[in-house]
Amino acid sequence: MALLDLLGRRSCLRILWELRGEPLSFRALLEAAATNPGVLNTRLGELRDAGIVSHDGDGYQLTDEGRRLMESLAPLSSWADRWRRRSSD
């Protein structure tokens with residue numbers, strides 16, 4: 001339940017989605033996630049505390065645990081794509 005609580009917080013899933021590729025600076029992530037600096041800073045702190053996101057000289061990125069989480073969410077993303085196509089018909 002703790003993970004679902006974290007993932008359900010404002011902009012959390014969007015931040016994770018944007019970090020699925022190369023590391024991003026705070027400014028680049030702020031723009032990509034279309035959120036405000038306060039929310040982004042809070043979420044990044046929570047995600048770092050949870051061991052899902054890390055920060056180094058290259059910027060913010062998913063940890064190994066974060067990449068495993070995104071892999072676990074892949075079936076949900078596939079389901080959502082099918083649902084979107086079906087509901088738009």
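Because Arg-43 and Glu-46 stand three residues apart in helix α4, about one helical turn separates them. Helices here are DSSP runs of H or I with at least four residues, strands are runs of E with at least two, and both are numbered from the N terminus. The model is a predicted one, in which local features need pLDDT of at least 70 and side-chain atom pairs count only at pLDDT 80 or more, while totals for chains, interfaces and linings use all residues. Residues are numbered from 1 along each chain as its sequence is written, and side-chain values use heavy atoms, with hydrogens and water left out.

Arg-43 and Glu-46 are joined by a salt bridge, with their closest N and O atoms 2.9 Å apart. A salt bridge is a side-chain nitrogen of Lys or Arg within 4 Å of a carboxyl oxygen of Asp or Glu. Arg-43 counts as buried, at 12% relative accessibility; buried means under 20% relative accessible area, exposed means over 50%, and partly exposed lies in between, for a 1.4 Å probe and protein chains only.

The structure holds seven salt bridges in total. One of them links Glu-65 and Arg-68 at 2.7 Å, N to O. These two residues are three apart in helix α5, so about one helical turn lies between them. Glu-65 is partly exposed at 44% relative accessibility, and Arg-68 is partly exposed with a relative accessible area of 44%. Elsewhere, salt bridges that share partners connect Asp-5, Arg-9, Arg-43 and Glu-46 in one network. Helix α2 contains both Arg-14 and Glu-18, four residues apart, or about one turn, and their side chains meet in a salt bridge of 2.8 Å, N to O. Arg-14 is partly exposed at 38%, whereas Glu-18 is buried at 19%. An α-helix has 3.6 residues a turn, so residues three or four places apart point the same way.

Helix α3 spans residues 26-33, and its buried residues are Leu-29, Leu-30 and Ala-33. Viewed down the axis of α3, these fall within an arc of 105 degrees, so they line one face of the helix; the arc is that of the directions from the helix axis to the C-beta atoms. The face turned away from this buried side bears the exposed residues Arg-27 and Glu-31. Among the elements covering the buried residues of α3 are α2 (12-18), α4 (37-49) and β2 (59-62).

Leaving aside residues up to four places away in sequence, Leu-47 touches Leu-6, Cys-12, Ile-15, Leu-16, Ile-52 and Val-53, where contact means heavy atoms within 4.5 Å.

Two loops also deserve attention. Ser-11 lies in the loop between α1 and α2 and has a positive phi, near 70 degrees, although Ser-11 is not a glycine. Ala-34 belongs to the loop between α3 and α4 and likewise has a positive phi, of about 50 degrees. Ala-34 is exposed, with a relative accessible area of 61%. Most residues other than glycine have a negative phi.
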